[in-house]
Amino acid sequence: MSNLAVLPIIIPLVAGIVLAFTHKKIKLSRGIAKCFSLLYLAAAGFLNWQVHQSGTLVLETGGWKAPYGIIMVADQLSALLIMTTAVIVAACVFAAASVVGERMEYHYFYAFFYFLITGVSGAFLTGDLFNLFVFFEVLLMASYALITVGAGKVQLREAMKYMLINLFSSVLFVTAISFLYAVVGTVNMAQIAERVQDVQQKGILTTIAVLLFFVFATKAALFPLYYWMPKSYAVPNPVVSAIFGALLTKVGIYSILRVFSLIFVYRTDLTHDAFLWIAGLSMIFGIAGALSTSNVKLIIAYNIIPAIGFILLGIGVFNQSSLSGSVYYLIHDMFIKTALFLIVGALAYAAGTSNLKKMGGLIHDYPVLGWLMFIAGFVLAGIPPFSGFIGKFMLLRGAFENGDFAIAIIGLLTSLLILYSVIRIFINGFWGEAKDYGERKSLKGYIGPISVLLACSVVLGVGAEWFMPALDSISNQLLDPEIYIKSVLKE
Amino acid sequence: MEFIICILAGILFATGIYNILQKQMLRIILGTGLISHGAHLFILTMGKLKRGQPPILTEGVSRYTDPLPQALILTSIVISFGITSLILVLSFRTAKENQTDNMDQLRGTEHE
Amino acid sequence: MFYAIILPVLLAVLVPFLAKLKARIHTGILVLWAPLLIFIYFARKIGKQFQPSDQHISWIPSLGINLDFHLDGLSLLFVLLISGIGTLVVLYSIFYLSRSEQLGHFYVYLLMFMTAMLGVVLSDNVFVLYTFWELTSISSFLLIGYWHHNERSRYGALKSMLITVFGGLSMLGGLLMLTVLSGTASIQGMIAKADVILASPYMPLVLVFILLGAFTKSAQFPFHIWLPDAMEAPTPVSSYLHSATMVKAGIYLIARFSPVFSQYDWFVITVSVVGTITLCWGSYMAVRQTDLKTILAFSTISQLGMIMAMLGFGTKLAVFAAVFHILNHATFKGSLFMITGAVDHEAGTRDMRKLGGLVAFMPFTAALALFGTFAMAGIPLPFLNGFYSKELFFDSVIHLENSSNAILNTVVMLLPYAVVAGSIFTFVYSMYYFFGVFFGKNKTDALSKTPHEAPLGMLIAPFILVAGIILIGLFPNSVNGSLLEHAAAAVLGTAPSHNIDIHFWHNFSQAFIMTMIVAVAGTILAATRARWTDVYQLLPGRLSFNRVYDWLLERLQIVSRRVTHIYMTGSVRHYMLIILGATLLGTFLVMFTTGGVHIRFNDLAPVSLLEVIIVVMMVIAAVATLFAKNNLTAILILGVVGFGTAMLFVIYRAPDLALTQLVIETITVAIFLLTFYHLPKLRKREDTKREKTINLIISVGFGAMMTLVGIFSFSSESFAKISDYFIETSHSIGGGNNIVNVILVDMRGFDTLFEITVLGIAALAVFALIKFNRDKGAR
């Protein structure tokens, strides 16, 4: 029992509440937000260290024994995700001061931001399925707030669609939980896993699993459920887009990873093979979307879909190599998407437009941004020695080992097209003749956070060896539900 | 009996979804209300119906209805309420700004 | 070894700073010593007693990706080329590129490339090789697009990147498969396991993947189209990357993997055929060109095809000829590119139609060009190295063995003819280049400036290369045992055998006859070139692969757009339909195929009349919402459903729920009314019949699905519910009698905390929404 497991949830909650009160004083809010982000980072680091030393940390809230009370479970996977979130939070908070605009900051931006982080942290740490639903709602509600407050015509319109589709999937989620409860009699994930194992996932359980998959897949922006995502991520300001792109869809794919490695692993011939199909289709349609548009923000938003496809590929193949690859790719994507959203945000700001066709020659005035974009593009596309390559390497090797050639080939082809979709931005936006953009704008607030994020990406890639033991350990744990069940139920 | 309520909940889902597939905002939100009710009824039913007394500890009673689904429904009612309020205000804002409440006119494919 | 490899890139990091410090010295001088040092370091290893050596540095051992380096004859040859020609190119660039350009960047990219190329040829770990491979693609991209304000440069850079990365990724697939098949990521290790690999059923796929990588990088047919467009790069780049080094990476790959694949018939067939086709196609296309660099580009394509073909043949003689030609080609092609640059620099144009008779103005340049072009043509003179390797090539194509494979035999029969044809055109364009530029009618009035001799500095590098041509020509065996034998041995996977002697005169062998045919036919065609231009223009005309590439890219964009617009309609109704449909389909499929259907008829709750009435009322109300005619009615009917639910809660023994539901329903109805007072009145639903039907099917289907899953789940109850615990401990531990309350506040209090948070966020959001716009209005 350790309070450390719940700290990453409490800190942002307190932050949100405090910031709701200080919203009138913008400079104070910025300072408080930055302090809290560092506090959160420290807590995340400490959590990771503890988990590394003593193994999975469990917190039984209110002292109620598992599986009756709600528990927080910080195993290595969750701890790693919290750590990544913490870095992203810090980067975004520091960028927000120059990017978001004072009106937004006045209207509770930082409060909503931290409430969203509360929801995300909770989703990563909870060990209770209904509690997961509640945390989903927290993060969704905060995201609704971020996307609607201060929104113009276009953004409001996209927000309506976003809210509607997510609302529906939330209702479906809670209903599916009740169905599951009817069969297994509990909402505690470890106990559900134990009971599903007892009956070997017979009967209606697989159907409920599929229902849950559709719920999570809608949130994760997988094929064929991702329609709400591209526009709604491309329209708000860059920090909001970055935090959405880096965190919200990842919570969805994390849920799939957790549920389909812990609980529903007894019909992999059906479920996990279907995942491969969905992963492949997500890659193809996602990259088609990225290639179809000239709006730089949309290009990055569409690129989320193939990335999630890659992670799902690893889950579908379901061997040690591919699961390590999925987790690694998840972390890598969180960093690089944040960086890319901030980069194209800066680009759109500097050029005064999001339309690539109207850009050109920006490297003369903004060389640093240009080279950051260049590197980021290669990281995303999976060019070695960066993290994108290592992740793809693990995933594809797992696929080849398993004999899944078709999906591996699709993955390789998609990588090429991903490269094309982002290098277009570099060639057409930064190279070429400079157009008239008015006076030169300062990108001060953007460059620092982007550089930090890219540096993390590079370290993740070049220093991959440091992460391997952790990844191996995580994938071993994922392949063996008993480890999780035992650490929670201790019987 | 539980099956009847299941069917009722299913009908609520069906009518709710039919409403969501409409073009006018009011109908869409009505639909979300309907499916929420359907979901709540499902949760209640899964806990089995009428098997004991209301879950308040009383002398001499040994069989109680399942309290857990009730707690879950309460949480869900509150959350749905929050969402419904927000989506109502949002739809109001959107309709005012875009000067239409017809979702079909709000496709917005012009900014590609 | 490792330090030799990364020296250039480390220098690259420093160059921008050094360039700023010493602004008066040409940056090239600062850079020159790096490749020179590397060359000297490796040149010391040349010798008959050369032994391969290794170096191992850990990088990611858990994934089997380590910096393992292996220096053998083949890599030594390449390393010498990379560093040697690198030095000469930098020297040349000092005089060619004026200081006004942003030279800092140029040398950074060039040095990056140097490291990458060195890494490619020295890596023993396939994934480290891949890393360096892609780094060459990246640095090439940057170098081709160096003058990026020029649209052709951007186009060329993109094209080269797309094609080579396509090949690179395909190669990665092949390397991954090889690793999985052989259990090791080390090339030497794979060579040892060649029989295991060849026996695998996936061999054809592996071969395709690897060959795609090699063919794209080395501009083999039909992937050659990027090389001519890469000529947009500054001439030193073309000379270094696109003739002597980067394009040879594919050849290196094939050579390196020969010990594994050479026993495989399809390898022999594919590589020989593709190489030969490239030889012929490239040389044919070269004859048609009018831009000097483009002639050389196609010439490179053709020569690479020749080397590729020799590697395909795989015999001892062929492999030896191949490594010899790798060396020779670098000397004459490198020098010719530099000479072209000199002509461009001094005469102001690269267009053949405007050039002629320059021998009078640029005698030294012409002299150098003489050796370069004649060596390229393979003219039989003892001081032209090109002749020797060409002759060996002819010799090897005639002496191919017969095998059991019928296709292979047919190919072997046809090859000599194709080879002669390709060589004839090679002769033609070589002569065309030399005589067209330096002799013939003097067209200097058409030029923008008066041509004069190139500065001495610019001529030093080509002079050194030409000296190489002559020296190797006069003393071919000097490089034989010390260098070439070791290289050939590495490719063949055997020990050096030292028994091929290079002579000028082999008597009237078949090979020599072929050479004579080429010379005679070539001279005739070259002399009558003007008459053939129309015939040349016929092919390929519309069928060019450039068109295919452009068409593909265009189609990609169009198809993506069309596909995306089909489903991203912006209509939330469409989105919901697809989501609902997919979920519905998936669930039904799984339900009926996994035996989820299960209904139990025992242990069900009793039914009372009151319930039935309420249920019916609710059903009517729900359906009525679809037909409501105005806002008020619709909202109130929803209220009926809500209150009906509350009544059901009462019946089903959930008092707290009923209370909450009543309160919430009231407030909700109130908010609905408030909001919709301001919005337009409900209109009659304007759906088309088709829309109505689809809506109906989906909604009824989904509702049915939910009902069924619900019933089946309910019937599949398999475990005791945990709520018994809550009932037991509500009073003892929880301290309360209302179990539901105790759960909410205590046992699942954490849920409640965040449920309230959700409500709080919603409230804040609504407040902020209103406030934001009021503030906006006030301004």
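Begin by selecting chain C, for which the domain assignment lists domain 1 (1-261), domain 2 (279-527), domain 3 (538-568), domain 4 (572-719) and domain 5 (720-779). Please keep in mind throughout that the model is predicted. Colour domain 1 of chain C and domain 3 of chain C separately; their centres, taken over C-alpha atoms, are 31 Å apart.

**Chain C as a whole**

Switch to a cartoon view of chain C. Its secondary structure comprises 31 helices and two strands. How does the radius of gyration of chain C compare with the globule rule? For 779 residues the rule gives 28 Å, whereas chain C has 38 Å, well over that figure, so chain C is more spread out than a compact globule. Along the principal axes, the C-alpha atoms of chain C occupy a box of roughly 115 × 65 × 55 Å. Of the 779 residues in chain C, 54% are buried. When contacts in chain C between residues at least 6 apart in sequence are considered, 78% link residues at least 24 apart.

**Chain A**

Next, select chain A, which contains 20 helices and two strands. A compact globule of 491 residues would have a radius of gyration near 23 Å, and the 21 Å of chain A agrees with this. The box filled by the C-alpha atoms of chain A, taken along the principal axes, is roughly 70 × 55 × 40 Å. Buried residues account for 73% of the 491 residues in chain A. Of the contacts in chain A with a separation of 6 or more, 81% are between residues 24 or more positions apart.

**Where chain A touches chain C**

Now display chains A and C together. Here 86 residues of chain A are in contact with 82 residues of chain C. Which helix of chain A supplies the largest share of the side that touches chain C? Select residues 129-148 of chain A: this is helix α6, which contributes 11 residues, the largest share. By class, the side of chain A that touches chain C has 58 nonpolar, 19 polar and nine charged residues.

Definitions and conventions
Residues are numbered from 1 along each chain as its sequence is written. Chains are lettered from A and ligands numbered from 1 in the order in which they are written. This is a predicted model: local features need pLDDT of at least 70, side-chain atom pairs count only at pLDDT 80 or more; totals for chains, interfaces and linings use all residues. Two residues are in contact if their C-beta atoms, placed from the backbone, lie within 7 Å. Helices (H or I, at least four residues) and strands (E, at least two) are DSSP runs, numbered from the N terminus. Ala, Val, Leu, Ile, Met, Phe, Trp, Tyr, Cys and Pro count as nonpolar, Asp, Glu, Lys and Arg as charged, and the others, Gly among them, as polar. The radius of gyration is taken over C-alpha atoms; the globule rule is 2.2 Å times the number of residues to the power 0.38. A residue is buried if 20 or more other C-beta atoms lie within 10 Å of its own, exposed if 12 or fewer, and partly exposed in between; C-beta atoms are placed from the backbone. Domain bounds come from an automatic or database domain assignment.
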